[in-house]
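User: I would like to learn how to read the features of this model. Please take them one at a time.

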Amino acid sequence: MVNFLRSFSVLLIILLMVPLQVVLTWYFPRLAMLDLPMIAVIYLTIAKESLFWTIFSGSAIGFLQDSLSLSALGMNGFTKISIGCLAYLANSIFAIDRVMTRFGLLFISSILATLLFLLLRIMVLNRNEVIEGGRLLMSGIVNALVGLPLFYLFDKIVRPPNE
Amino acid sequence: MKQLSSKELILLIIALFGHFVLISTQATRVQTTPLLRSWAMDVASPMLKSLVGSLTSVSKIWHGYIDLREARQENLLLKIKLAEYQQTLISYEEKIKELGRLHVLDELQANLEVPAIIARVIGGDSSQWYNSRIIDQGLDVGVTKDCAVISVDGVVGRVVHASKKSAVVQLITDADSGAGVLLETSRAQGVLKGGGKREASIDYIGTNEKVVAGEKVLTSGLDQIYPKGLLVGYVVSAVPTKQIFQNVEITIAANIQKLEEVLVLKKEPRS
């Protein structure tokens with residue numbers, strides 16, 4: 001029962017990341033490069049160590065994110081699930097429980113998610129996109145810096161005190 | 001000289017003391033302070049003064065401490081009260097400003113040829129790739145896809161998704177947006193393309209058209225979304241090219257970043 005409640009609360013918090021993102025980007029347009037839903041999906045992937053959770057959370061969050069945006073439904077879901085799977089693989093090779101490994105994972109995931117999203121826009125939606133290297137790096141750094149304390153917060157909620 | 005015996009000495013002391021007491025009682029009758037008392041007082045008074053002084057000091061310190069605590073608490077309460085009053089004041093000021101904005105929107109709404117409803121912006125885009133806003137009105141009040149959205153300053157965008165209670169508005173600055181526009185003076189027509197920020201460009205303006213910086217850019221109505229004649233922005237520059245069209249850059253009139261209330265123009269005709 002306790003585990004169920006923990007999982008439920010985490011899912012709720014993670015789903016709340018989308019409205020939070022929407023409000024943040026409205027008040028602070030410069031924070032648009034921050035991808036809170038992606039951070040949440042990556043966390044859930046490495047915490048639960050289950051692809052089921054990756055897919056479930058990636059789809060739910062991606063759908064919600066797309067619904068509140070102009071992007072085609074499925075774009076964010078696709079990106080989130082793909083990045084979640086990469087995080088799952090990385091977690092099976094490296095122990096993603098240290099600050100530096102987590103920073104690295106978030107940084108690389110953010111860049112890959114951006115590139116994947118752009119690729120989808122170019123390939124599927126036939127859009128002309130310009131990849132700005134500086135912006136890409138900045139987005140990776142911002143997501144990693146924000147993701148670390150969020151991971152710590154999620155750790156406090158998800159993991160039992162004796163772990 | 002004869003030495004006093006102890007019995008004698010005691011008697012002497014008692015006698016002297018008796019006399020002294022007697023003198024003292026007599027002295028009382030003359031309305032003066034008894035000497036014993038006076039002496040006693042003289043001896044005791046410095047000690048008493050010191051003691052009382054110390055006690056007074058301690059008492060003062062204690063009372064000061066108590067007062068300070070009370071004053072601190074009072075100060076805290078006053079600060080809270082002040083903060084509450086400031087918040088109330090700010091909220092009243094905000095309400096007054098909002099009423100002002102809504103009044104302007106009301107006036108605009110009344111002057112429009114199409115029915116319109118006021119909506120509040122409740123969110124931005126959830127990703128960095130698009131420029132959109134979420135508004136708090138939806139299908140329930142007649143907000144449907146492709147409804148034009150304007151502010152008191154000019155055109156804002158169009159509704160692209162609508163649910164019962166909310167809608168997503170694609171801003172005119174979005175890179176994927178487009179709108180039919182015309183220039184106020186030259187009457188040249190083109191298609192406005194969003195630039196991602198507050199700037200945008202107009203495509204398909206021929207090099208033979210005379211475009212002046214500062215010229216108003218209005219909606220042409222040809223896109224069937226925005227009614228004709230709404231202000232979109234102002235021309236910033238027009239650079240002729242070797243091709244048949246010139247590069248016309250404009251700045252958007254509406255303050256997109258600070259949108260709070262907007263007007264959604266309904267599709268149905270005014271009843």
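Analyst: Start with one residue pair: B:Val121 has B:Ile135, in strand 2 of chain B, opposite to it. The model is predicted, so local features need pLDDT of at least 70 and side-chain atom pairs count only at pLDDT 80 or more, while totals for chains, interfaces and linings use all residues. Residues are numbered from 1 along each chain as its sequence is written, chains are lettered from A and ligands numbered from 1 in the order in which they are written, and side-chain values use heavy atoms, leaving out hydrogens and water.

User: In what sense do strand 1 and strand 2 of chain B pair, and over how many bridges?

Analyst: Helices (H or I, at least four residues) and strands (E, at least two) are DSSP runs, numbered from the N terminus. Two strands pair if DSSP finds at least two bridges between them. Here strand 1 (residues 116-123) and strand 2 (residues 132-135) of chain B are antiparallel, with two bridges. Helix 1 (residues 2-27) of chain A packs on this sheet and touches both strands, its direction making about 105° with that of strand 1 of chain B. Axes are lines fitted to C-alpha atoms, for helices over the stretch in contact (heavy atoms within 4.5 Å); angles run from 0 to 180 degrees between N-to-C directions.

User: In what order do the six strands of chain B close into a barrel?

Analyst: The order is 1-2-5-4-3-12, with antiparallel pairing. From one strand to the next, the twist averages 45°. Chain B also has a closed barrel of six strands running 6-7-8-11-10-9, again antiparallel, where the twist averages 40°. In strand 10 of chain B, B:Tyr234 is the bridge partner of B:Lys216.

User: What is the area buried between chain A and chain B?

Analyst: The size of an interface is often given as the accessible area lost when the parts come together. Buried area is that loss, with a 1.4 Å probe, summed over both parts. For chain A and chain B it is about 1900 Å², with 55% from carbon and sulfur atoms. In contact are 22 residues of chain A and 22 residues of chain B.

User: How many salt bridges are there between chain A and chain B?

Analyst: A salt bridge is a side-chain nitrogen of Lys or Arg within 4 Å of a carboxyl oxygen of Asp or Glu. The count between the two chains is one: A:Arg121 with B:Asp176, whose closest N and O atoms are 3.6 Å apart. Over all chains, the whole structure has six salt bridges. One of them joins A:Lys80 and A:Asp35 (3.3 Å, N to O). A:Lys80 lies in helix 4 of chain A and A:Asp35 in the loop between helix 1 and helix 2 (36-48), so the pair ties together parts 45 residues apart in sequence.

Notes
Buried area = accessible area lost by both parts, 1.4 Å probe.
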